[in-house]
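Reader: I would like to learn how to read packing, ring pairs and backbone angles in a model like this one. Could we take the features one at a time, with the general idea before each case?

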Amino acid sequence: MVIPLGAGGSHDLNARVITSIIPTYLDQAMIVRLTPGAGGQKGTQEVANAPADGYTLLFTHNYIDQLQQHVENLPYTPLEDFVTVARVNYAPIAVTVRADSPYQTFEDLVAASKENPGGNQMAHSGNWGALFVPAAQMMKALDIQWNLVPYQGGGPALQALLGGDADVTMGFPSALAAHVEAGHVRILATAGPERIYDDVPTFAEVGVEGDVGFMHRVVLAPAGTPDDALAKLAEAFKALEEDKTFTRMMGRLGENIEIIGTAEYDAMRAEQSEAYKVLVDELTGQ
């Protein structure tokens with residue numbers, strides 16, 4: 001299972017749980033390979049070029065899968081070269097600062113960003129990725145400006161924040177949980193209709209409306225993978241929903257489990273492609 005992102009991010013952490021349990025339902029091991037680079041294109045192309053036999057899979061997300069094609073000349077065509085195995089879950093993103101940051105609230109961050117446009121360094125996981133897109137949407141909605149600095153994945157972006165090289169970043173529950181518990185970071189706002197943390201407002205509460213900050217974690221296979229192989233893989237992923245060890249381990253990461261199968265998520269992928277084309281046009285002024 002190839003992850004086109006760096007170590008330490010939410011995909012890496014989710015994959016470690018998946019691959020520790022799913023061999024029970026596949027009767028063989030599943031190995032994680034991290035292949036970061038080119039904003040996710042390196043690992044994605046590796047799987048696009050792999051034999052379509054069910055043995056090489058891509059663990060990616062909706063921004064790399066369906067948005068990137070509208071801003072890059074890709075060496076593959078997502079809807080033609082890949083088919084869904086399963087959507088594992090979705091994650092609401094959180095705006096995050098260090099615990100010693102002068103910004104106690106989201107309003108503090110916004111006020112400082114208006115006073116000094118571009119003065120805050122925002123670490124993200126790559127252009128048009130899962131951190132970049134909500135940051136761009138947020139800046140547009142609130143009429144603020146951050147200096148967006150790319151790193152090779154969510155893990156390195158978080159380390160840049162912790163190391164003092166960035167003022168703010170965004171992250172997902174699995175990547176942030178240990179740092180929140182240890183008191184290393186402060187969450188200022190989260191995506192979603194309901195609060196994740198009792199004392200932290202949602203994006204809607206701070207004036208950022210709409211579908212902002214949701215990442216779908218999806219497992220894809222090369223197009224042409226035999227139907228029987230896809231069915232076996234999809235069945236194994238679906239079985240994880242009822243696996244008590246899997247649900248317990250995912251709960252410890254702070255992640256939900258909402259597994260969607262091949263046909264249903266393939267339809268969602270097509271809808272995402274159309275919606276992201278509109279989003280890119282809006283953000284780039286085309």
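Predicted model: local features only at pLDDT ≥ 70, side-chain atom pairs only at ≥ 80, totals over all residues.

Reader: Which residues of α7 and α12 meet?

Author: From α7 the contacts come from V133, A136, Q137 and K140, while α12 contributes L279, E282 and L283.

Reader: How should I read a second pair, α1 and α11, whose axes are 10 Å apart?

Author: Helix α1 (residues 10–21) and helix α11 (residues 244–253) pack at an angle of about 165°. An angle over 145 degrees counts as roughly antiparallel, and α1 and α11 are therefore described as roughly antiparallel to each other. The crossing of α1 past α11 is right-handed. On the α1 side the contacting residues are L13, N14, V17, I18, S20 and I21, and they meet T245, F246, M249, M250 and L253 of α11.

Reader: Turning to aromatic residues, how many aromatic pairs does a search of the whole structure find?

Author: The search finds 4 aromatic pairs. One of them joins Y63 and Y276, whose ring centres are 5.9 Å apart and whose planes stand at 35°, so the pair is tilted. This pair links distant parts of the chain, since Y63 belongs to helix α4 (residues 62–67) and Y276 to helix α12 (residues 262–284), 213 residues apart.

Reader: Are Y63 and Y276 buried or exposed?

Author: A residue counts as buried when its relative accessible area is under 20%. Y63, with a relative accessible area of 3%, is buried, and Y276, at 11%, is buried as well. A further tilted pair is formed by W128 and F132, because their ring centres are 5.1 Å apart and their planes are at 50°; both W128 and F132 are buried.

Reader: Which charged residue has its end over the ring of F172?

Author: That residue is R217, whose charged end sits over the F172 ring, 5.8 Å from the centre of the ring.

Reader: What should I look for in the backbone, and where does W128 lie?

Author: One feature to look for is a positive phi in a residue other than glycine, and W128 is such a case, with phi near 60°. W128 lies in the loop between β6 (121–124) and α7, and its relative accessibility of 14% places W128 among buried residues. D143 also has a positive phi without being glycine, with a value near 55°. D143 is found in the loop between α7 and β7 (147–150), and at 63% relative accessibility D143 counts as exposed.

Reader: Finally, how do I relate a loop residue to the rest of the chain, taking G40 and what it touches as the example?

Author: One looks at its place, its burial and its contacts in turn. G40 lies in the loop between β2 (33–34) and α3 (41–48), and at 2% relative accessibility G40 counts as buried. Leaving aside residues up to four places away in sequence, G40 touches P4, I64 and Y76. G40 and L220, 180 residues apart in sequence, are 14 Å apart in space from C-alpha to C-alpha. A7, in the loop between β1 (2–3) and α1, is partly exposed, with a relative accessible area of 48%. With the same exclusion of residues up to four places away, A7 touches D12, L34, G155 and P156.

Conventions: Residues numbered from 1 in each chain as written. Heavy atoms only, no water. Phe/Tyr/Trp six-rings, centres within 6.5 Å; stacked < 30°, edge-to-face > 60°. Helix = DSSP H or I, 4+ residues; strand = E, 2+ residues; numbered from the N terminus. Buried < 20%, exposed > 50% of the residue type's maximum accessible area, 1.4 Å probe, protein only. Lys NZ or Arg CZ within 6 Å of the ring centre and 35° of its normal. Contact = heavy atoms within 4.5 Å. Axes fitted to C-alpha atoms, helices over the stretch in contact; angles between N-to-C directions. Parallel < 35°, antiparallel > 145°, perpendicular 65-115°, else oblique. Left-handed = near helix turned anticlockwise from the far one by under 90°.
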